[in-house]
Structures are given as C-alpha cells and as structure tokens.
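Reader: I'm new to this one and I'd like to know where the labels come from. Can we go through them together?

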Amino acid sequence: MKTFRNLLLEMASKKKPVVPSVVPVPSEDQGEGVQRHYEHAGDVHFNDGEEGANTMADTFSTIIDSAPKHLATKIDGSPSMEYGVEGGRHYISYKGSKKKSFTHEDIELHHGEKGSQGFKDAMHAMLDHVDKIHNGREGEVHQGDIMWHQGTKPTIEDIGGIPHYTFKPNVLRNAIPVDSQEGQRIQNATFGFAPHTAYVGGVSRNFHHSEEQQHPDVHLFDALSPSIPEEHKQRLHEQVSDLKSKIKSTPKEHFSYISQDHIADWSKRYTSAKRSSESQNSISFDDFSGFVRGKLQKEIDKLKTVKGRDKKEQSRTDLLADMKTHQSHIESGLAIHKAVTNIGNDIRSVLDSQQTTKRYFDAPTGRDQTNVEGYVFKPLGVLKHAWYKLVDPVFTAKNAAVIRGPKTAPIQESVENAPDLKRTGSSDSAVVSFGRGMGHAGHMALASSVITHAADTSADPYVVLSRTTGPKDPLTVDEKIGIHHDVFPEHAGVFQPATDGMPSIIEVLQQLHGHGYKNATVVLGEDQKKAFQFIHKYNGQFHPETGKGYKFDNLKLISRQETNDPSKGFEGPRATGMRDALSDGTKSEAEQWKIWREGMHPKVSDDKVRHLMRIVKERLSKKKSTKMESIVNNMLSYIFEEGEASTGQMTSDGSGIAGLGDDARAGNVIVRKKPRMFKRRKR
C-alpha cells in the first residue's frame, strides 16, 4: 500500500521547475529599451557617482551652446500617444500600453469600458490623422501629445488687445496670436499634435516635428527648447566650470559612498521631499539624518511585534551610525546636488524667457500666466538612466495654489510626491465616500448620493474605491471604476482609486485637507455610521505616533439615506449574495444570471454583466485552487527542508501535516495555517 509519505515524494518528483512568469528580454542597446522615467539632474551623482557628475557637467556645457539639439520642452499635452506602422498599417496606442489600435473598433475594444468619452474622442481623432503624420518607416515608433482636435478646437480670445487662439489639453492653457505664422497653421488645421520622442532599434531620442510628414490638416507643435541667448552663455559656462572644480576636489571615496544603492535611495527621497516643500536652501546633513530617522520611525510604528520593532530599531541605529561616520561623504553629495540643481534652474529660467507661446493657469480670478513645467534631455554619456529633466520644482504647488486659491498650512508633514487625490472642483467643501464599491446597484446609489449631496451643498464630490482584492473583492479597482463610469459618464472624474499613500478614509481626508478644503462630509451606508465615528478624533490635531491628522472647520458623517438623492429609500442588493450565487452548485446559470442582472444598475449593459459574472466566477474558483496548491507545497517544503519524515498524518483542519522525525526530534513539529507552517517547538 502506498503511504502518504511516498505519495508526497512521488508528487515532488513530478513537480515542474518554477520559472518566472515574465522573462526580461534585452533590447538592442543593452537594456535602455524605451525607458521613460525622467530623473532629476541634481540626483545624477547618486545614481552614477563621479562619472555621473562629470557627465552632467559636460552635458550642461553642450546644452548651453546648443539647447535645441538636446532639450525638449515638457509640452503639457494630453493624452500622450505612441504611433507607428506595422504590416503596412498605421496604429496608435496610449503611452505605455501594449494595446495597439489599427481601427476605430480596436479603440472601443481596448478602452471602451474604462476610457472616458473625452479620452476616446482624442484617440479616434489621432487614428484619423496618424497616416498624415508618421513618416511611414516600419520599426520606427514615435511619441507625442495631443494638443487639440475637432471636439476641443481652439477658440479666439483677446489677450492684451491681441486676438489669440487658446486651447487647454491638460493643466495649462496655451495662447498663440491669430495673425502669427503659427496661428495661420492652426486656422487651416483640424488636429493639433506635438511629437517629441522617437524609438528606433531600442534607442530613444528627442524628435523634431520637421522630421514628420507635413500635412495642412495637422498643426504640428515644435517641442524642442528655445536657444540660450549669447549674453547668458558666459555666466552659465562659468557656473559649470565651478561645478567641475568642485567635482575634481571631491574625494573618490565620497562618490563611492553616496552612490551605494541604499544611500542613493535615501538621498533621492530626501531631495524629492525638499523640492516638494520648496525648502531646497535647508538641505544639510542634520536635516537629511532627521528625515531618514522620521521615515524609519513610521515603519517601526507599523510593526505589530516587539521583536519586529526591536529588529527595525537596531537596523535604523546601524544605518544612522554609519551615516554619521561618513558625514563628510554625504555633505559632499548634498553640495554637488545643490550646485547641479542651481545650474539647471538657471538654464531653465533663461529658456523660459525665450518661449514664444504664452501659457496660463485657469484660476478662479482669471488667467494667471506661467512658464512651462520644464525640459527633458539625454546626458552625453551612458548612465543608468537614459533620461533626465530640468523642471520647475514647485510647478505642481503653483498649479494647486492658483487653481484652488490660498489654503491653510497642512497639519501633516510635506509629502514626497504629488497628491494621490485629484481635485474635482474649486469649492472649499468636499463630499466623499470610501469603500470597496464592488459595483452593484447599491454602490451606485451611494455614488449617486455623493454627487447629489455635493450639488446641493455647492461642494466637490469624491468617490474613492479601495484597491483590496480577494474572495470578498474579486474585481480590480479599475474594473470597479469602469462600472461607475458606465453609470455616471458625465462624472467620470469623481471616481478615483485608493493608493499606497491613500489606503483608507483617514488618508483621503488628510489629502482633502491638504488641498485646502475647509469642510468635509463623509457619506456611507446607514449601517456603517457607528463604525466610522473614529474619523472625528483626528480632526483638529496631528497624531505623531500614527502620522494621522487633518483640520476641517466642519467634518460631518452622514448616511446616504440622509441626502436628497432619489435612491435614498432603495435598499440595494448584497455583494455577498451575488458572489455566493456564482459558487452555489445548486443554482443554474439562468438563476445566477437573474440574481446578477437584478443586482446591477440598469445602465450596465447585459454584455457587461455577463463579462463581470465570468471573471468573478473564474477568480473565485482560482482562489480555492490556489489555497489547495499552497497546502501541498507547504507539505513538500517541510519534507525537503526539515528532513525526511518516517510517518505523517494530516492535521485536523486539513491545512498540512504533522511530521514525526527519525530521531529525538519526534513530536517537535507543529503545524500553522499561515506561511512558515512548520515550526520547531522546545520541549
């Protein structure tokens, strides 16, 4: 008779080797590929040490003499598109997407569920004009930003007594004189586009619009930077010369230390935070050390066990001690960061003064003129990162201040990156809900209540959907947002996903406070009001131990039944019942369909409901299979990692085996349900 042990050994011998699901394929240029990430120029030596610093200095010298050959303007169009020719047919794809659209039907197939109507209109317009733009060479992929199309055609406005074409593809409004050469091209065109990058053979480069086909229907914008006037060049070259002297006088071991991966990572996080908080001048070793200490403290506070906290504390102590020992190395790195950043800012400022297109923020008080966000370039040498940028370090903050008006100083410390929550309006009051939002009719009633109550109180609406996935949440956040878009297409911007920086209602409220809102109302189901009362304890104070806090003049918690929404009397289905119906073997497909069709909002099409049923059923089935595979794998792992067992028996809960060893270890093995199921126990 085959014993259980022999059965497991037989299964192990048949196990297939584990291979990664995604195998990286090197590109023709040894890995640069189509790298799209832009690093800040001031961080180059953290990435590449002394070589990076010298390369950036040489690159600056070349940029000063011939900026348009090396720099491209961050043009602020939207959406950003890639396009090319494959098999003799032109295609387009959204930036970074693998989905190529050769026809208008392809666009609807790839983006019909999740894409807003405005986004799809822009893609359809791009497809209509791509063969007029692309130079026709296969294997040559181009990228650019849509500036306008027939649905967003420029309008004529009087600016300073001069008529201008104005259009706003993204954050900034562009203004070009009607009687200028550029204006004449706009008048005769039906599509505006700004090509800026070409990818050929795995190598990317800045791309000038003159390299594309020219067609009267398309107004191609020049994305390259202006030139630096002669009167500025000597001063800038002198700054670069000083930088080279500073690099030369810095010991090589200083560069080696600061370009270690863990030190470089902390350095870039720190300099990013200083850019965001407009406090570049306060950069110092002590400030840097305090930054690292504070960030690690937050990680320590999240740990549940004393052992885990002690281990993390010791790790932090070791790191800070090492940094203190090498204080002079870090100070050298920060000094070079300041020098490179200052030169980059000076170059950017000169280039901004030469821009011919006027750009504005649409502020509540009128048009507020501004500069471009910045410029991008490739350094002369081969570095870890192919692309770098010179950007206005407070561009996002300026945008927020102009559009949203003055705001109270946030309670929480400044964040390292732009806010995860995108503002939906210019009110000083917000109405928000947060939850799983699986997408059934009850969740649509909650979303409708948020929108209605926001309209009734002249507030901005927000529906933030959790990213949690699992047996209770089989749909991804993108799929859930897609359902909401189907039901509320005119309010697509209201629905936003939770993020790492915004995983719960507390962080959502923190971000609303950071956006300058004075009043906030949280809307939820009647049965959740009691559970959410905890939000009030963080209002008006900051909790250092948790990092949580916000300050609203008025913070309310109401149920959707307390709003004036027509759905307030609607009970709504339960997600549990809809999930269970798909797992219930006693229910026919017709019965399952009836439960799901009745549970979903009428605006969600039958085809969409069937699609959702199918993927939920597949994922629920996969969860069960994965759990059983995990049990078997843990048992096999025990045999080969802990030693051969002479006998074994299943645990009562079926989660593993309790093994009896061949020696005095017999009985020392216990079984746990979670990973690391087998643990030795002292007698």
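Predicted model: local features only at pLDDT ≥ 70, side-chain atom pairs only at ≥ 80, totals over all residues.

Reader: What makes H16 and H17 roughly antiparallel to each other?

Author: Angles over 145 degrees count as roughly antiparallel. The angle here is about 160°, so H16 and H17 are roughly antiparallel to each other. The crossing of H16 past H17 is left-handed. On the H16 side, Met578, Ala581 and Leu582 make the contact, and on the H17 side Gln592, Ile595, Trp596 and Gly599 do.

Reader: Which residues of H16 are buried?

Author: Ala575, Met578, Arg579, Ala581 and Leu582 are. They span an arc of only 155° around the axis, so they sit on the same side of H16.

Reader: And how do you know that the buried residues of H17 line one face?

Author: The buried ones in H17 are Gln592, Trp596, Arg597 and Gly599. Looking down the axis of H17, they fall within an arc of 165°, so they line one face of the helix. The face turned away from that buried side carries the exposed residues Ala590 and Glu598.

Reader: What about H2 and H11: why are they called roughly parallel?

Author: Their axes come within 11 Å and cross at roughly 25°. Angles under 35 degrees count as roughly parallel, so that is the label H2 and H11 get. Their crossing is left-handed. Residues of H2, including Phe46, Met56 and Phe60, meet residues of H11, among them Ile336, Val340 and Ile347.

Reader: Why are H13 and H14 called roughly perpendicular?

Author: The axes of helix H13 (residues 441-456) and helix H14 (residues 477-487) come within 11 Å and cross at roughly 65°. The range 65 to 115 counts as roughly perpendicular, so H13 and H14 are given that name. This crossing is right-handed. The contact is made by His443, Met444 and Ala447 of H13 and by Ile483, His484 and Val487 of H14.

Reader: Now the strands. In what order do the 4 strands of the open sheet come?

Author: The order is E1-E15-E14-E2, and the pairing is mixed.

Reader: What makes E1 and E2 the edge strands?

Author: Strand E1 (38-40) and strand E2 (72-73) each pair on one side only. Two strands pair if DSSP finds at least two bridges between them. Between E1 and strand E15 (residues 387-391) there are 3 bridges, so that pair qualifies, and the two strands run parallel.

Reader: Let's turn to single residues. How do you know that Val523 is buried?

Author: Buried means under 20% relative accessible area. Val523 has 1%, so it counts as buried. Val523 sits in strand E19 (residues 519-524). Leaving out residues up to four places away in sequence, Val523 touches Val431, Val432, Ser433, Leu446, Ser449, Val450, Ile558, Ser559 and Arg560.

Reader: Is Asp76 buried or exposed?

Author: Buried: its relative accessible area is 13%, and the cut-off is under 20%. Asp76 lies in the loop between E2 and E3. Asp76 also has a positive phi of about 65°, although it is not a glycine.

Reader: And what makes Ser458 exposed?

Author: Exposed means over 50%. Ser458 has a relative accessibility of 58%, so it counts as exposed. Ser458 is in the loop between H13 and strand E17 (460-465). Ser458 is not a glycine either, yet its phi is positive, about 55°.

Reader: Where is the cis peptide bond?

Author: It joins Ser78 and Pro79, with omega about -5°. Pro79 is found in the loop between E2 and strand E3 (80-86).

Reader: How many helices and strands are there in the protein chain?

Author: There are 18 helices and 26 strands. Of the chain's 683 residues, 47% count as buried.

Methods
Residues numbered from 1 in each chain as written. Heavy atoms only, no water. Buried < 20%, exposed > 50% of the residue type's maximum accessible area, 1.4 Å probe, protein only. Arc of directions from axis to C-beta. Axes fitted to C-alpha atoms, helices over the stretch in contact; angles between N-to-C directions. Left-handed = near helix turned anticlockwise from the far one by under 90°. Contact = heavy atoms within 4.5 Å.
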